[in-house]
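Welcome! Please take a moment to look over the sequence and the 3D structure shown here.

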Amino acid sequence: MSRRRSEDGGRRRENRRAREDYAFEVLSRRAGHPRRAELRDLAQAWTRVGLWPAEMEAWIGAVGVNGAAIARDCLTAGIAVSAMDIVLDGMRVKQRLRGGEPAFSVLARVTACGRSLSD
């Protein structure tokens, strides 16, 4: 049984490493020219969000390379990446989030309008 646990733990580390490598690749294409260490930190932050590769790429496109915390907060609040282009009070959701408005504030704003930001 302990061998199985160590095998499972090894697979999880390999999967996490593969996701981190993928995040590093996506970020290196989108981030301009940051140092390798900065890219690795960003990749680790995006990996901690726990998204599948296609989801990660969509969120990076929506909230930017530094937006891992925004994506995490949106997922916690139930805000889908597909909602990023919805306009609320004259401003897109992604602009509000990038500008520093908390995800739960955006959610409250949309709820007050009788709309939904989930899939």
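What follows is a short tour, from the whole chain down to single residues.

## About the model

This is a predicted model, in which local features need pLDDT of at least 70, side-chain atom pairs count only at pLDDT 80 or more, and totals for chains, interfaces and linings use all residues. Residues are numbered from 1 along each chain as its sequence is written, and side-chain values use heavy atoms, with hydrogens and water left out.

## The chain as a whole

The protein chain holds six helices and two strands. Here helices (H or I, at least four residues) and strands (E, at least two) are DSSP runs, numbered from the N terminus. Along the sequence, their order is α-α-α-α-β-β-α-α.

Of the 119 residues in the protein chain, 34% are buried. Buried means under 20% relative accessible area, exposed means over 50%, and partly exposed lies in between (1.4 Å probe, protein chains only). The chain exposes about 7400 Å², with carbon and sulfur atoms supplying 48% of that area. Such areas come from the Shrake-Rupley method with a 1.4 Å probe, and for residues only the protein chains shown count as cover. Among contacts (heavy atoms within 4.5 Å) with a separation of 6 or more, 46% are between residues 24 or more positions apart.

## The nonpolar core

A nonpolar core is a set of buried Ala, Val, Leu, Ile, Met, Phe, Trp, Tyr and Cys residues joined through side-chain atoms within 4.5 Å. The largest one has 30 residues, and Leu27, Trp46, Trp59, Ile79 and Met84 touch the most other members. At least two residues of this core come from each of H1 (2–30), H2, H3 (53–63), H4 (68–77), H5 (93–98) and H6 (103–112).

Take isoleucine 79: leaving aside neighbours within four places in sequence, Ile79 is in contact with Trp59, Cys74, Met84, Ala103, Val106, Leu107 and Leu117.

Which residues of H2 are buried? They are Leu39, Leu42, Ala43, Trp46, Thr47 and Val49. Seen down the axis of H2, these buried residues fall within an arc of 140°, so they line one face of the helix. The arc is that of the directions from the helix axis to the C-beta atoms. Exposed residues Ala37, Asp41 and Arg48 sit on the face of H2 turned away from its buried side. After H2 comes glycine 50, with a positive phi near 85°.

In H3, the buried residues are Met56, Trp59, Ile60, Ala62 and Val63. They cover an arc of only 165° around the axis, so they lie on the same side of H3. Just after H3, glycine 64 has a positive phi of about 90°.

## Two residues to look at closely

Glutamate 20 belongs to helix H1. Is glutamate 20 buried or exposed? Its relative accessible area is 7%, so glutamate 20 is buried. Its side chain makes a polar contact of 3.2 Å with the side chain of arginine 40. A polar contact is a pair of N or O atoms within 3.5 Å; within protein, one must be able to donate a hydrogen and the other to accept it, and residues adjacent in sequence count only if both atoms are side-chain atoms. Not counting residues up to four places away in sequence, glutamate 20 touches Arg40, Ala43, Gln44 and Thr47.

Valine 63, in helix H3, counts as buried because its relative accessibility is 6%. Valine 63 and arginine 98 are 35 residues apart in sequence, while their C-alpha atoms are 6.4 Å apart in space. Setting aside residues up to four places away in sequence, valine 63 touches Trp46, Ile70, Met84 and Arg98.
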